[in-house]
Protein chains: 2
Amino acid sequence: MTDRLVIIGGDAGGMAAVSQVRKQQREREIVALERGRWTSYSACGIPYFVAGEVTELDQLVARSPEEHRSKGRIDLRMRSEATEIDLDARQVEVLDHESGTTYRLDFDELLIGTGGRPIRPPLPGIDLPFVHGVQTLGDAERLMAAATASECKHVAVVGGGYIGLEIAEAFCLRGIEVHLFEAAPEVMSTLDPDMGALVTAAMRRNGVTVHTSTPVVGFDEGSVHTSAGVHHADLVVLGIGVGPESALAERAGLALGPKKAIHVDRRQQTSAEGVWAAGDCADSLHRVSGERVHVALGTVANKQARVAGINIGGGYATFPGVLGTAITRLCDTEIARTGLTEVEAGRAGFSAAPVVVRATTSAHYMPNSGPMTVKLVVERGTARVLGAQIVGAHGAAKRIDTCATAIWSGMSTRDLVDLDLSYAPPFSGVWDPVQVAAREAEKVV
Amino acid sequence: MTDRLVIIGGDAGGMAAVSQVRKQQREREIVALERGRWTSYSACGIPYFVAGEVTELDQLVARSPEEHRSKGRIDLRMRSEATEIDLDARQVEVLDHESGTTYRLDFDELLIGTGGRPIRPPLPGIDLPFVHGVQTLGDAERLMAAATASECKHVAVVGGGYIGLEIAEAFCLRGIEVHLFEAAPEVMSTLDPDMGALVTAAMRRNGVTVHTSTPVVGFDEGSVHTSAGVHHADLVVLGIGVGPESALAERAGLALGPKKAIHVDRRQQTSAEGVWAAGDCADSLHRVSGERVHVALGTVANKQARVAGINIGGGYATFPGVLGTAITRLCDTEIARTGLTEVEAGRAGFSAAPVVVRATTSAHYMPNSGPMTVKLVVERGTARVLGAQIVGAHGAAKRIDTCATAIWSGMSTRDLVDLDLSYAPPFSGVWDPVQVAAREAEKVV
């Protein structure tokens with residue numbers, strides 16, 4: 001019997017587990033399979049590569065295949081795709097894209113870190129080559145080649161979420177005309193519509209032509225068909241969201257959670273003993289709603305893989321769940337959220353009161369001061385903070401971490417007001433905007 | 001019998017209580033005494049006025065005497081100094097600087113918000129007119145007049161704390177040669193020496209000539225005498241720290257705490273019934289050490305005054321204590337701290353382990369990425385985070401609020417690692433530097 005650990009996927013969800021296994025099991029046999037040509041890269045960095053802020057794709061690679069092999073002492077097989085998992089035989093079927101051959105690989109334990117993939121709704125023409133997703137460095141290479149082609153003058157972005165926003169910013173910075181199509185009334189549907197409206201306005205201020213309430217219905221080469229007519233585009237980028245890459249797990253019969261993400265327990269074990277999953281392919285517990293959710297974020301992937309690695313190595317660790325904290329930037333505007341939005345809180349059954357305040361990023365008399373809007377979602381009765389959203393000028397958004405830490409601890413608005421946060425005129429007003437919002441919320445709930 | 005509330009001091013410690021009283025007692029008679037010419041101003045903003053970033057002194061005034069009178073409906077008496085408190089007679093003796101007359105004023109309740117004053121050690125020549133303190137807007141006016149005089153080419157700053165640093169930066173920005181004298185081996189003694197050394201280096205990098213381990217022993221007109229010789233200076237600024245302005249309270253027989261700050265209970269009441277104190281003149285509970293401390297900061301003053309106002313108005317509120325959170329900027333370098341330093345933790349009887357990590361403010365491949373150093377002080381055994389210090393490039397320091405919120409909740413390094421903090425390449429690495437430090441600390445404790 002082998003004591004082999006097989007890891008499927010060469011990015012964070014799989015590979016961030018290796019060092020935790022190695023700390024406990026120096027001699028364990030570890031085989032890792034990656035279907036692409038890169039390992040441990042920052043997909044989140046791709047928009048900044050497209051924008052030209054990051055000049056070399058290699059800069060986005062945190063650890064190359066060679067480094068994984070030497071430092072992790074693993075048998076890393078590149079261009080090797082797991083095509084089936086046979087749970088009874090404890091085997092993975094592997095397609096070697098170099099040789100075109102297929103073989104079966106025994107495992108004692110398995111870690112599935114297959115990641116996510118851009119959602120591609122079944123629209124006519126969506127598989128045309130000018131329609132791009134942004135997930136792997138291969139995607140980035142193809143997108144960049146298309147973007148820098150001299151005939152690329154008009155870009156259409158479908159979807160106004162994080163990726164849509166960041167890619168729109170990237171093309172704007174390259175001086176290319178960008179049209180963004182969003183089916184909802186405002187972009188950034190991970191925010192409440194009132195906060196999303198601030199982002200829509202910021203996009204327009206920064207030169208993106210935003211078409212809200214305008215679903216895309218299909219594509220022809222060189223054009224995007226929408227509910228409001230046909231638009232010319234040399235290049236289309238999908239920013240509709242990321243779903244879990246869980247088809248392999250589903251075929252193997254593993255239990256799935258929301259959005260077909262692989263269901264895991266608190267130790268990151270799937271429904272099969274000794275089979276683990278982590279990262280964008282797995283589900284998570286939302287700490288506020290108490291529900292299982294699918295959150296595809298690098299932070300979560302790294303944390304889950306760390307927990308999986310500790311458990312695989314024979315230790316004990318649990319993943320405590322997520323708040324859905326996220327942050328992004330659109331030129332001069334910063335955007336962040338954590339916990340539940342007002343809409344989500346209602347859906348989760350909370351009676352929640354929203355509070356929105358306008359404040360400034362630093363003392364109002366400082367020349368670097370800019371506007372920022374903070375929205376808190378607060379449970380009635382208990383005054384517990386359920387969620388926070390921030391849209392504002394430079395320096396605004398990282399304050400979401402204060403909210404995330406407070407929500408993590410179950411703090412009330414009272415606790416938030418009491419907190420001893422930092423103040424100096426270049427950084428904040430004497431009451432941090434988060435506390436200004438909490439004071440306002442105290443009056444309401 | 002009167003039901004008069006008398007407030008001594010027209011800045012945050014006193015005046016921030018008014019709105020809380022008014023919410024509950026619309027008709028209460030309130031008399032406020034301010035010996036100077038300004039109310040509710042930002043002393044923290046003075047360095048930025050000296051630097052020229054803030055152009056008008058009035059911009060630092062949050063609420064003018066006229067606004068206090070109309071909005072707070074109070075009898076505000078400017079240039080009126082409380083010279084004695086008679087607790088038995090329930091009277092304050094008031095000197096009217098305009099008329100030169102003295103009168104006695106009955107009070108039912110008294111709120112002392114006399115603030116702080118720059119520490120002036122009894123050195124020869126310290127009362128010479130070219131030696132300035134920076135506390136009131138009057139100080140700022142005098143300092144600015146001296147600074148813009150054509151003969152002001154050399155400035156000496158005595159003490160390398162927050163005010164010393166900020167004033168040194170201000171004069172640097174004006175193109176004036178600045179020498180800073182610090183008795184300790186490093187500046188910023190509110191940090192541990194290893195972190196202070198980073199600030200000393202940053203000051204030098206930004207053109208300030210820093211003389212460490214160089215106590216000042218006295219002054220002559222135009223020169224500063226130090227342990228290492230005599231230096232020419234057209235102007236001297238004291239940045240040795242701020243002590244409580246508590247002489248009045250002491251003479252009245254009120255109990256005093258550390259550094260002679262007025263001792264208050266959790267509701268901000270002094271040792272005398274119906275006599276309250278808030279702000280830089282009062283003491284506080286340090287939540288980590290459990291000891292009484294004197295912390296002179298605008299955030300604390302506003303919070304304490306709010307609590308005092310609620311209680312005076314007949315409500316119930318308590319001040320939950322401080323962590324000593326503070327932040328400042330020195331040109332390209334940001335500096336912040338919260339909780340206990342390694343030195344303070346040792347003094348408070350903790351067995352604490354320090355962890356120092358170097359990270360970057362944003363993803364290492366982003367052009368806006370700069371270095372940042374995080375130091376965590378962690379209790380052995382429990383792994384509870386006792387304190388944090390940050391020195392780094394733009395974007396580094398406000399992260400101290402995450403640490404402050406975590407310490408407030410009694411979090412361990414494990415909790416800090418688990419937190420769902422925000423990540424996107426322009427803002428952070430995938431593990432926030434605070435979490436990188438917490439992970440490192442986990443290995444140590």
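## A tour of strand β25(B) and the two-fold axis

Start at V377(B), which stands opposite G387(B) in β25(B). This is a predicted model, in which local features need pLDDT of at least 70, side-chain atom pairs count only at pLDDT 80 or more, and totals for chains, interfaces and linings use all residues. Residues are numbered from 1 along each chain as its sequence is written, chains are lettered from A and ligands numbered from 1 in the order in which they are written, and side-chain values use heavy atoms, without hydrogens and water.

**Stop one: the strands.** Select residues 371–379 of chain B, strand β24. Strands here are DSSP runs of E, at least two residues, numbered from the N terminus. Seven bridges join β24(B) to β25(B), and the two run antiparallel. Strands count as paired if DSSP finds at least two bridges between them.

Next, pick G381(B). This residue sits in the turn of the β24(B)–β25(B) hairpin and has a positive phi of about 90 degrees. Five residues lie between the two strands.

Now select residues 333–339 of chain B, strand β22. β22(B) is also antiparallel to β25(B), with six bridges. Find E334(B): G392(B) in β25(B) stands opposite.

**Stop two: the strand between.** Select residues 385–392 of chain B.

**Stop three: both chains.** Show chains A and B. A rotation of 180 degrees with 0.0 Å of shift along its axis superposes A on B, RMSD 0.0 Å (least squares on C-alpha atoms of residues with pLDDT of at least 70 in both). The two copies are thus related as by a two-fold rotation axis.

Key: Buried < 20%, exposed > 50% of the residue type's maximum accessible area, 1.4 Å probe, protein only. Helix = DSSP H or I, 4+ residues; strand = E, 2+ residues; numbered from the N terminus.
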